[in-house]
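Here is a walk through a structure, from whole chains down to a single residue. Keep the model open as you read.

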Amino acid sequence: MTTEIKRKLNVEVNGITIECAAQARVLDAINEAGFDVPTLCYDERTGPQGTCRMCLVEVEVEGKTQQVAACTAFASDGMQVATHSDEIVDYRKTILELLLSETSSPTACPKCISFKKCELHDAAEQYDAKWDAFPSLVAREKPKDPNPFIQRDYDYCISCFRCTNICNDWEQAGAITVHGRGQENSIASFFNNDLLQSPCTFCGQCINTCPTGALTDKKIVGKTKAEDLKRTKTICPYCGVGCGIHLLSENGQLKGTEPDFDAPSRGSLCVKGQFASWEFVKSEERLKYPLIKKNGAFERASWDEALDLMTKRFTEIREESGPDSIVCWSSARSVTEANYLMQKFSRVGIGTNNIDNCSRT
Amino acid sequence: MAVMVGKGAMTNSIEELAGTDLLLVAGSNTTEAHPVISLRMKRAVRNGAKLIVIDPRKIELTKWATRHLQINIGTDIPLFNAFAHVMIKEGLYDREYVEKRTEGFEELAKHVEFYTPEYASEICGVPANEIIDTAREYAEASGKAAICYTLGITEHSCGSHNVQSIANLGMLGGNFGKLNAGVNPLRGQNNVQGASDSGALPTDLPGYQKIERPGVREKFEAAWGSELPKRRGITKITAMNQMLRGRVRGVYIMGENTVVSDPNTNHAQAALEATDFIVVQDIFMTDTAKLADVVLPAASFAESDGTFANSERRVQRVRPAIKPVGESRTDVDILLDVMKRFGVSQNLNTSSDVWDEMRRLAPILTGISYERLDKEGGIQWPCPSEDHPGTQYLHKDEMDSGIPGYFAPVDHIPPAEETDSEYPIILTTGRRRSTYHTGTQTGRASSFGLLVPSEMAEINPDDADQLELSDGEIVTVASRRGSVEVPIKITDKSPHGTIFMSFAFPELTQTNRLTSDAYDFITETPEFKACAVRIDKLNGTVTATASD
């Protein structure tokens with residue numbers, strides 16, 4: 001947001017010419033032109049890695065053609081990009097089949113079953129990549145981890161390292177790292193401890209950047225059906241940062257939370273937003289009907305009874321002691337519209353400026 | 001800050017913090033209270049920015065800091081005055097900016113002459129050379145330095161003066177009204193900004209229009225078709241004192257657990273008990289609701305339609321994911337019903353109607369419509385018209401007040417309550433990341449008990465040694481107002497002579513039974529950050545003093 005755009009580049013993507021910033025990558029130009037290539041190791045927040053090779057495209061500059069990873073390569077003026085040539089599509093399919101051979105069956109993918117089609121299996125479908133095209137590699141050992149928040153299922157890990165990047169570069173929590181080498185590699189907390197013993201803050205960002213079913217929200221995985229899940233775009237109810245979230249619901253019941261990557265918070269959440277922003281709503285202790293205190297004990301009342309009593313008593317007090325003997329305290333937890341009505345009620349309904357909110361506490 | 005430059009709000013946007021050359025974070029435990037803002041701070045450091053943390057405690061953010069000034073509790077003013085002293089004496093302030101955009105420089109210069117680094121050092125405990133170096137670093141980053149602060153600055157009896165001493169520094173450095181440079185109070189609760197924007201304040205009508213300013217009341221009287229009270233109202237703190245005197249008899253509380261969240265619980269409870277009639281509208285039977293005569297079941301955020309305004313003045317849409325549980329109703333719905341019963345005639349039925357009435361009357365919000373919010377995402381006020389993009393940072397060409405920024409010479413005021421031989425330890429209160437406020441929400445999230453199982457009194461290892469306390473040992477912490485039982489946690493986060501507690505576990509530990517009801521005399525913000533306490537072992541042994 002601070003960089004000054006000095007000049008523009010003209011780039012042609014699949015025959016469509018677009019203008020992009022001088023420091024744009026080929027991937028930016030592709031997105032700008034409205035095309036889509038799979039990017040299994042790329043997260044815009046931590047920048048390009050170029051390891052999964054799924055975003056490979058053909059570029060032609062001054063008559064020379066070469067294949068580059070769109071996420072790492074810079075765009076240049078007059079560049080021509082082909083994203084879906086036969087050769088490239090074939091190539092992507094093969095890579096996908098190799099990746100799939102490292103993972104368990106797509107039909108059992110926890111993310112696809114409980115949340116939404118994961119990026120890996122979405123790409124596999126698009127490119128008609130078969131799970132059993134290559135001999136399956138031995139399944140990895142599942143880490144034993146009693147933490148109640150993050151489910152790690154490494155049978156679906158494709159070693160894209162998005163999770164370690166987000167943890168180390170974006171969150172700078174340094175809770176997880178790559179353990180072992182080559183085919184033997186896995187994601188682990190330092191010294192292979194469980195996450196509760198690590199610096200993990202349970203922000204859940206690893207779950208949300210993971211392109212496969214390897215990392216999922218343990219509180220809800222297996223308890224929801226992806227096809228029945230409804231997403232409502234709203235705002236986290238905790239602090240003043242106001243991170244964007246999607247509330248997940250199924251048949252009118254809240255099920256969980258996902259970050260909203262389109263919000264100014266760019267998908268960031270903390271442990272409260274990720275794991276504590278919906279259960280309290282479903283709590284059995286929620287107040288479900290109005291109550292009136294009679295002889296020191298609360299009794300269930302109808303809305304009319306409760307509001308009539310409120311009207312009667314406030315009116316009496318106002319007549320006896322004047323409007324300034326009543327105060328209204330509004331809520332920094334409630335929507336602005338309710339706060340507006342509360343102050344208007346105080347001023348017009350009661351007739352006092354004795355309205356305050358909890359901004360001082 | 002509103003007094004000096006216009007409005008009290010973050011002058012920058014959250015994302016801008018990642019692009020500063022220098023960040024000065026004072027009295028903000030950002031990684032715990034605003035974790036997602038702390039990510040931008042950490043990124044700034046990775047981009048090469050200096051991060052100066054001013055905090056009595058060795059908070060987590062100090063791991064990223066290039067400098068930690070471990071200040072004595074409640075001594076921010078001498079420190080900030082000394083920064084100003086150094087910048088003026090060494091001619092490091094932004095002369096052009098000060099000349100063009102501010103007033104009162106001569107008075108400030110004369111005032112801070114007295115606050116030499118050596119003098120300030122004696123009070124605040126930060127070595128004089130560190131004060132000088134920090135002032136130089138801040139001056140060097142002129143026009144690209146951002147200050148962030150939170151309740152560690154405001155929750156003192158001299159809170160508003162603390163803020164003024166910070167704003168002085170911001171203006172000296174030429175750091176108001178620029179990209180990536182400013183002075184930023186980080187707001188605590190999700191919609192504290194929106195609650196204030198809406199006019200739920202005793203002095204302000206919607207959009208910070210002062211009720212006592214000529215013409216303002218008349219405008220709202222015409223719009224609302226009703227005469228309005230002329231005199232400003234009373235704050236919560238004053239109201240509680242008036243309750244004890246029988247002058248406030250009725251109270252309507254929406255969504256606030258006053259008894260637990262306010263200082264000196266015993267006082268708050270006694271005040272509410274002294275009234276004749278209380279209505280509490282909430283989602284849970286809180287300790288405050290228990291005192292009510294009528295309890296109205298409200299819908300939660302997940303069942304509500306409307307907007308929240310965040311810390312960077314960004315209005316964002318809140319949308320209902322499910323229907324209100326049981327017979328509960330949204331706050332908007334309840335209030336519309338209540339107002340009808342009180343004969344308020346208005347043609348409002350939905351949150352959208354209410355918002356439209358409010359934005360018509362509040363110029364800073366006029367351009368923000370639900371349609372735009374749905375299409376463009378959040379929009380930052382001021383946004384005076386629908387073709388206005390919103391305001392990323394404040395005070396760009398002139399101070400938001402429309403007049404030059406005014407330097408405010410302020411003096412050190414020690415915390416209202418000082419330690420003595422009977423209460424030798426300072427208690428400071430604050431937040432922990434995985435718990436929130438009074439715990440009514442995080443306390444109901446499964447497995448959160450694993451992260452922070454209970455309240456803890458965090459104490460320095462040397463103090464624990466001296467008091468013969470062991471980790472996890474349950475002790476009594478007592479102040480002049482009350483006492484609580486709490487386990488000890490030994491950590492070098494706490495400086496010598498100071499313990500730290502949150503207030504998120506009211507069922508077991510009502511921390512605010514201890515806190516002082518002293519408050520800032522301008523904003524009436526309570527002094528949560530300092531009160532004198534004593535630690536006693538449970539077997540009745542009175543401990544030796546921890547003071548030196």
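This is a predicted model: local features need pLDDT of at least 70, side-chain atom pairs count only at pLDDT 80 or more; totals for chains, interfaces and linings use all residues.

Of the 548 residues in chain B, 63% are buried. The secondary structure of chain B comprises 19 helices and 21 strands. Its radius of gyration is 24 Å, close to the 24 Å that the globule rule gives for 548 residues, so chain B is as compact as a globular protein of that length. Along the principal axes, the C-alpha atoms of chain B fill a box of roughly 65 × 65 × 45 Å. Now take the contacts in chain B between residues at least 6 apart in sequence. Of these, 71% join residues at least 24 apart.

Turn to chain A. Chain A holds nine helices and 16 strands. The radius of gyration here is 27 Å, well over the 21 Å that the globule rule gives for 361 residues, so chain A is more spread out than a compact globule. The C-alpha trace of chain A spans about 90 × 50 × 35 Å along its principal axes. Buried residues account for 52% of the 361 residues in chain A. Among contacts in chain A between residues at least 6 apart in sequence, 57% link residues at least 24 apart.

In chain A it gives domain 1 (8–84) and domain 2 (323–361). The centres of domain 1 and domain 2 of chain A, taken over C-alpha atoms, are 54 Å apart.

Next, look at a sheet in chain A. Five strands form an open sheet with mixed pairing, in the order 2-1-5-3-4. Which strands are at the edges? They are strand 2 (16–21) and strand 4 (64–69) of chain A, and each pairs on one side only. From one strand to the next, the twist averages 30°. Now pick out one pairing. Strand 3 (residues 56–61) and strand 5 (residues 79–82) of chain A run antiparallel and are joined by three bridges. Glu60(A) has Gln80(A), in strand 5 of chain A, as its bridge partner.

Now to where the chains meet. The contact takes 99 residues from chain A and 120 residues from chain B. On the side of chain B that touches chain A, helix 16 (residues 331–341) of chain B gives the most, with eight residues. The residues on that side of chain B divide into 59 nonpolar, 37 polar and 24 charged.

Strands also pair across the two chains. Strand 13 (residues 291–294) of chain A pairs with strand 11 (residues 294–297) of chain B in the antiparallel sense, over two bridges. Find Leu291(A) there: opposite stands Val295(B), in strand 11 of chain B.

Finish with one residue, Val354(B). Where does Val354(B) sit? Its place is in helix 17 (residues 351–361) of chain B. Is Val354(B) buried or exposed? A residue is buried if 20 or more other C-beta atoms lie within 10 Å of its own. Val354(B) has 27 C-beta neighbours inside 10 Å, so it counts as buried. Which residues does Val354(B) touch, not counting residues up to four places away in sequence? From chain A they are Glu337(A), Tyr340(A) and Leu341(A). From chain B they are Val332(B) and Leu348(B). Leu336(B) is 18 residues apart from Val354(B) along the chain, and 9.7 Å separate their C-alpha atoms.

Conventions
Residues are numbered from 1 along each chain as its sequence is written. Chains are lettered from A and ligands numbered from 1 in the order in which they are written. Two strands pair if DSSP finds at least two bridges between them. Helices (H or I, at least four residues) and strands (E, at least two) are DSSP runs, numbered from the N terminus. Axes are lines fitted to C-alpha atoms, for helices over the stretch in contact, and angles run from 0 to 180 degrees between N-to-C directions. Two residues are in contact if their C-beta atoms, placed from the backbone, lie within 7 Å. Ala, Val, Leu, Ile, Met, Phe, Trp, Tyr, Cys and Pro count as nonpolar, Asp, Glu, Lys and Arg as charged, and the others, Gly among them, as polar. Domain bounds come from an automatic or database domain assignment. The radius of gyration is taken over C-alpha atoms; the globule rule is 2.2 Å times the number of residues to the power 0.38. A residue is buried if 20 or more other C-beta atoms lie within 10 Å of its own, exposed if 12 or fewer, and partly exposed in between; C-beta atoms are placed from the backbone.
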